[in-house]
Amino acid sequence: MLKKLLSVVLFSVMVASVNLQKFTEDLTDDDSILFGRSSDIANEFSEEYINFLKTGHESESLKALSNKLANMHTLKEIFTTSISEWRTKDQLFMCTTCQAVVNIITHMFRDENGELNGPNAESNTKDLMLELCQRFQLQTSEVCSGLFDINWPTVHYIVMNSKADARSICGLLPISFCAVKQEEFEWSVEVDNRTGPLTKPKDEIPQKTPNDLKILHLSDIHYDPDYKEGSLADCDEPLCCRNAGNINLSDQLGAGHWGDYRDCDAPMRLIVNAFEHIQTQGQIDYIYYTGDIVPHNVWSTTQDSNKEIITEVFDLLSKHFGNIKVYPAIGNHEAHPANVFGNENVPSDFSSVWLYEHLWTLWSDWLPAEAKDTILKGGYYTVTPRPGFRIISLSNMDCYIFNWWIYYNGKETSLPQLQWLHDTLLAAEKNDEHVHILAHIPSGGKDCWPVWAREYNRIIERFSNVISGIFNGHTHRDEMLLHYSKLGHPMAISWNGGSLTPYSYKNPNYRIYEVEPQSFQVVDHVTWIFNLTEANEQNDLGTPRWFKEYDFSDFTNNLSPAGIDQWLNVMAENPDLLRKFWSFKVTLADPKLSIGCNNKCLSDTICQLAISTNNQRDRCQELQSILELNLQDETTTTTTATTTTTVPDEGGDDNGSAAATVSVPITALNIAYFFKKFLF
């Protein structure tokens, strides 16, 4: 939520003196020209807006622009749109406003006589932020006020003490032409170079055996202890289904018994039911939990409430799974404030040690004593569950571009843990061990800092011979990504678990991997889900009907990196197969299926599978070209027995790409979802 609020604030204070339409009429692919334009306009706006804040005089043009911006967006869509999915001109807006706002803040804070400096700095700044919140109808005053109170101390310290300027801070956005200029944001890991670049794809194909390990992958539970059945499920705030004052609403408006497709997290009954169903699956050798237990109420968390929620869920895991070892990774929501993880050298007032100490008390029954040192240092650890097999769990919030401490000193925040990862893998190689890596945030995701992802990929290339699997969470989608070497060879697979929380528009799900016990490579996996619509129709009269959604071997039996690379070609050549993959990616959720996946959505889906560093897109573009050729002659109109309509999907654009025609059951939920997403 905080990252999305920041995004909206940055966009909303765009300079009134700039003719925005003229600014975007002749966009270019030249990054240096784009960044030059962006910087010039940002500097011009900074001067005018600072003058407005000093004098209190608001020009008529600024008023008009503010009103237009306030009335042109819907509250929820702005908060759920990823920056990197915007078109070039939208990215240009963001790069420009980011620089402009950073210029304003640094001037008014860092100047000795700055308006936001001195004894009244906090109250003056809060007044300013709440005014912007109201002016542009960004969120409720409660949310804006809470976010400010929670994040002010950290942000103020970083602004006052960091060397970063607008160019370097905004360079961390996932926008290619927002260049990074300062050395704190450019660094590299010392990688052992005795083997040289990878010269061929990783293509070993282990066969299934009767002794394959069964590893349960859980992720993103996001337990909400304040979930209230019947409360408003489509509220203005970032997290709904928890306002007791609106309880006992109609079925269309109220939160469901087992959870809700809308912006709501998981009630306890859903989590317990999932764990009980997992217990029917027979042998489970290990459990991987890849982060995020705390709900999405990021404006009202506290250290104590986070600890209570984390404790309740890990205690529940212990209760249901007894002696089965659980190997967790930290999620971005475990911190308070959410997303904010400082390195071990930050001032004690901002340290995350409180979280690491608490996690160690909960994890110590599953982990060896020697893991304590690195957990208390940064929330990461390594363990050897059996001879020849090592697990490395990262706390990779040092790749997350919404972790404010990256902006303080990206090298100091990110380098130590990655160097430790390298050194641990080097030791594993010498000991002939195979390694699984656990981390919350996928390196190819839109929110992972490209410098971090680049160095991570260098480490993976060097040790692709010992890395047998990588396991992530964070996206709430059932997906994966393929890592490529510098020369373009497929070398590793990051498997992404879905989520138990339905947040947002997903069916709860979990996954079980079959892992060959010599190479420790994944040879198959099965995903289990239940349909929320069906479950909630029963209310408390029955339990959800869990069912096997699919086996990955339904797609391909070759789960080596080279085999998955070949399978990507097959999907690019067969759009219907890609649509099938997309339907599983969105967990067969009714609202997603009713909207469908248009051509741009398909293109984005195939692209995301082939990106492990989000500014390296060669393989993505190759697959998109293959897909485009196969879409050109494809008939997208399908005759069905039910009412049909053609609507843009979650990945649709407004540049004329054809939408897929899909069967849409006419239900109150689908009608409400359609109007919310496309008309308001």
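Is Tyr-505 buried or exposed? Tyr-505 is buried, at a relative accessible area of 8%; buried means under 20%, exposed over 50%, and partly exposed in between, with a 1.4 Å probe and protein chains only.

## Basis of the model

The model is predicted: local features need pLDDT of at least 70 and side-chain atom pairs count only at pLDDT 80 or more, while totals for chains, interfaces and linings use all residues. Residues are numbered from 1 along each chain as its sequence is written, and side-chain values use heavy atoms, with hydrogens and water left out.

## Overall make-up

The protein has 23 helices and 14 strands. These are DSSP runs numbered from the N terminus, helices being H or I of at least four residues and strands E of at least two. Of its 680 residues, 60% count as buried. Among contacts with a separation of 6 or more, 73% join residues 24 or more positions apart; contact means heavy atoms within 4.5 Å.

## The largest nonpolar core

The largest nonpolar core holds 149 residues, and Leu-218, Phe-275, Trp-363 and Leu-421 have the most contacts inside it. Domain 1 (1-186) and domain 2 (213-227 + 265-624) both contribute residues, so the core lies between them. Such a core is a set of buried Ala, Val, Leu, Ile, Met, Phe, Trp, Tyr and Cys residues joined through side-chain atoms within 4.5 Å, and the domain bounds come from an automatic or database domain assignment.

Beyond its neighbours within four places in sequence, Trp-363 touches Phe-314, Pro-328, Ile-330, Ile-375 and Tyr-381. Phe-275 is one of the buried residues of helix 10 (residues 268-278). The cover over the buried residues of helix 10 includes strand 1 (213-218), helix 11 (303-321), strand 10 (509-515) and strand 11 (522-529).

## Two helix pairs

Helix 15 (residues 410-430) and helix 16 (residues 450-462) pack at about 5 degrees with axes 10 Å apart. Axes are lines fitted to C-alpha atoms, for helices over the stretch in contact, and angles run from 0 to 180 degrees between N-to-C directions. The two helices are therefore roughly parallel, a term for angles under 35 degrees. The contact has 7 nonpolar, 2 polar and 3 charged residues. Here Ala, Val, Leu, Ile, Met, Phe, Trp, Tyr, Cys and Pro count as nonpolar, Asp, Glu, Lys and Arg as charged, and the others, Gly among them, as polar.

The axes of helix 18 (residues 561-573) and helix 22 (residues 618-632) come within 7 Å and cross at roughly 30 degrees. Helix 18 is thus roughly parallel to helix 22.

Thr-587 lies in the loop between helix 19 and helix 20. Its phi is near 55 degrees, a positive value in a residue other than glycine, and at 0% relative accessibility Thr-587 counts as buried.

## Backbone around Tyr-505

Tyr-505 is in the loop between strand 9 and strand 10 and has a positive phi of about 60 degrees although it is not a glycine. The peptide bond from Tyr-503 to Ser-504 is cis, with omega near -15 degrees. Another cis bond runs from His-336 to Pro-337, with omega near 0 degrees.

How values were computed: Angles under 35 degrees count as roughly parallel, over 145 as roughly antiparallel, 65 to 115 as roughly perpendicular and the rest as oblique.
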